[in-house]
Amino acid sequence: METSKGLNPKAGETENTLLYRQLRTLFQGISKEIPIFMFLDKNKDDVFCKANRQIIRAFRELTDKIKFKEFYLDHNLAKKWQVDSSPTLLIDPDHYSVRWLGAPMGEEGRTFLETIILIGTEQSHLSDQSAGVIKKIDTPRRIKVFVSATCPYCPQQAVNAVKAAVEKPGLVSLEIVDIQSRPEMADAYGAQSVPMTFANDIMIGHGAQSEEVFASSLLKLEPQTLFIPESDAELVETDLVIVGGGPAGLTAGIYAVRSGLKSVIIERDALGGQVATTPVVENYTGFTQVGGKTLVDIMVNHALQYVQIFQGENVVDIQPGNPIRIQTSRRKFTARAVLLATGATHKRIGVDGESRLSGRGVSYCSTCDGPLFKGKKVVMAGGGNSAVTEALHLHHMGIDVTLIHRRDSLRAQEFLVKQLKESLIPVLWNTEIREIRGETRVQELLLYNHHTKKTSTLKVDGIFVAIGYQPTTELAKKIGVNITADGYIERDEKHRTNIPGFYSAGDVEGGYKQIVTAVGQGAEAAMAIFEDLINPYWQREKRFTGFSDRST
Ligand code: NAP
């Protein structure tokens with residue numbers, strides 16, 4: 001998705017009225033009526049049915065094109081459209097096969113918004129590259145995307161699927177399945193981590209994919225990981241390309257554009273990085289307590305006032321030079337500087353069963369997958385701030401959680417440790433997880449206690465892993481950027497790497513790895529880039545003679 005700069009606020013306008021005005025402008029492009037039908041069980045007018053009514057009422061305030069009707073499951077129309085579970089939303093079923101099992105609550109509101117716009121404008125808005133792939137589909141594809149209301153990665157994947165269903169209404173059908181409303185269906189498919197995507201009952205994607213990778217996975221009916229665009233892809237010329245849309249990248253975008261640099265941000269996954277899945281943040285100045293995703297939304301809205309964001313695009317290649325050439329899964333960019341703010345990805349324990357059962361009870365995102373484990377027994381592995389924050393989050397959701405830590409004291413901040421003790425969450429100290437067992441889903445852990453030197457087993461329904469992060473440096477390595485012995489990008493005090501024109505910021509540099517430090521590093525890097533592009537050090541310093549003929 002290409003997220004353009006938003007409408008600018010008018011004097012005295014609040015965030016809410018600005019948003020309302022932006023949405024109304026978006027809906028003005030809808031010319032046709034959009035019938036939405038909700039089918040429900042007459043004996044089960046539950047929280048999901050009520051949420052659907054509320055959401056649709058809110059959307060109808062933005063456009064008069066939505067026509068909403070409700071039917072019971074024994075109605076003839078339910079038979080006609082083969083609806084058998086409650087509630088099911090059908091969106092313009094005479095023209096498209098797009099349905100919701102459950103309700104588009106929380107993060108899924110974004111998917112619903114995009115669905116209304118795509119169906120209302122009768123355009124898929126697929127990139128030329130993805131449309132080319134989807135065109136090749138010549139047999140039916142029945143897609144199911146399992147999502148949860150708290151998963152920030154889910155809308156990207158669900159919208160990919162909606163676009164395919166709008167592009168090929170005759171062949172592509174879609175069910176967006178809310179795992180909280182249909183736990184039995186998630187169970188039957190073994191979808192214990194979201195988003196998880198099936199086509200014709202074959203798993204084609206675990207996690208959010210770029211639109212082009214999704215399109216190829218749908219065509220080939222197996223998960224793909226890479227998409228190289230055709231050579232005639234669109235070219236964007238800019239001063240600065242920021243790779244990564246976490247706090248560091250977003251802040252750098254604001255600072256760079258305000259300095260006068262034409263800048264873009266490219267992000268392959270959800271914006272906000274790790275913060276987007278942090279249940280609560282209590283140490284970002286100005287907020288005593290704020291949901292990670294809420295903080296991300298505030299940062300993204302701020303950044304969008306300045307900088308264009310290309311989300312869901314994967315950078316597949318960068319060629320240093322003058323200009324620097326950047327290739328994503330969708331288009332090409334040329335730039336005078338690149339900021340690598342690629343963040344970090346969660347570490348794996350590295351034991352038997354972990355990879356095999358990933359998404360089948362092994363999870364790295366309590367915010368996304370927690371809802372699936374309500375009333376069940378899970379463990380949280382780790383002893384740092386993430387593990388304690390997330391264990392508390394699961395506990396507050398009504399999940400029976402035990403913390404397992406390999407040492408006898410926690411690395412987490414005292415404030416969090418106190419909350420952990422007060423919530424009476426059990427902790428297994430000095431305990432190593434040696435194996436994750438289960439046929440098709442997690443059933444048991446093999447544990448080893450360093451003090452007693454004994455092994456034991458523990459029956460569980462799931463394991464959440466929060467044992468730290470590894471810097472995401474594949475791209476940096478490919479370009480030839482120096483990496484430290486600890487695996488982080490090596491840089492100087494101005495965030496310059498060893499390659500002129502290439503900079504870094506945020507968790508990929510190591511250090512304290514706090515949101516507030518990432519934000520500071522993003523600002524520092526953007527200011528250094530601005531100064532360097534005016535007065536390039538690689539032209540002044542002898543050691544770069546002959547390195548490149550880059551100039552301003
Ligand atoms: P972390 O601080 O690096 O802690 C990782 C924990 O996992 C440590 O307790 C470590 O044990 C354990 N561990 C590492 N490898 C393991 C393995 N193979 N098997 C079992 N246990 C293992 O990671 P984090 O908690 O994800 O936090 C990452 C960064 O984000 C930190 O800088 C943290 O301060 C920051 N953060 C801040 C907040 C906040 O301020 N609210 C929230 C979340 C994260 P040992 O202790 O024995 O090394």
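**Ligand site and backbone details**

Modeller: Gladly, and please keep in mind that this is a predicted model.

Biologist: Which backbone atoms lie by an oxygen atom of the ligand?

Modeller: A polar backbone atom of Tyr-512 is 3.1 Å from an oxygen atom of the ligand, and for Gly-384 a backbone N or O atom lies 3.4 Å from a ligand oxygen.

Biologist: And which residues come nearest?

Modeller: There are 18 residues around the ligand, and those that come nearest are Asn-283, Asn-385, Ser-386, Arg-407 and Arg-411. By class, the shell divides into 10 polar, five charged and three nonpolar residues.

Biologist: Where does the ligand lie relative to the domains?

Modeller: The ligand lies between domain 2 (234-345 + 469-551) and domain 3 (362-465), because both of them give residues to the shell around it.

Biologist: How many bridges join S22 to S23?

Modeller: Five bridges join strand S22, residues 377-381, to strand S23, residues 400-404, and the two run parallel. As for residues facing each other, Met-380 stands opposite Leu-403 in S23.

Biologist: New topic: how many disulfides are there?

Modeller: Searching the whole structure gives two disulfides. One of them is formed by Cys-151 and Cys-154, whose sulfur atoms are 2.4 Å apart.

Biologist: Is the one between Cys-151 and Cys-154 right-handed or left-handed?

Modeller: It is right-handed, because the torsion about the S-S bond of Cys-151 and Cys-154 is about 95 degrees.

Biologist: What about the backbone, which peptide bonds are cis?

Modeller: Among them is the bond from Ser-86 to Pro-87, with omega near -10 degrees, and Pro-87 sits in the loop between helix H3 (76-80) and strand S4 (88-91). The bond from Asn-322 to Pro-323 is also cis, with omega near 5 degrees, and Pro-323 is in the loop that runs between strand S16 (315-319) and strand S17 (324-328).

Biologist: Last one: what is the phi of Glu-122, and where does that residue lie?

Modeller: Glu-122 has a positive phi of about 55 degrees, although it is not a glycine, and it lies in the loop between helix H4 (108-121) and helix H5 (128-135). For context, most residues other than glycine have a negative phi, and most peptide bonds are trans.

Terms used
Residues are numbered from 1 along each chain as its sequence is written. This is a predicted model: local features need pLDDT of at least 70, side-chain atom pairs count only at pLDDT 80 or more; totals for chains, interfaces and linings use all residues. Side-chain values use heavy atoms; hydrogens and water are left out. A residue is near a molecule or strand if one of its heavy atoms lies within 4 Å of it. A polar contact is a pair of N or O atoms within 3.5 Å; within protein, one must be able to donate a hydrogen and the other to accept it, and residues adjacent in sequence count only if both atoms are side-chain atoms. Ala, Val, Leu, Ile, Met, Phe, Trp, Tyr, Cys and Pro count as nonpolar, Asp, Glu, Lys and Arg as charged, and the others, Gly among them, as polar. Domain bounds come from an automatic or database domain assignment. Two strands pair if DSSP finds at least two bridges between them. Helices (H or I, at least four residues) and strands (E, at least two) are DSSP runs, numbered from the N terminus. A disulfide is a pair of cysteine sulfur atoms within 2.5 Å.
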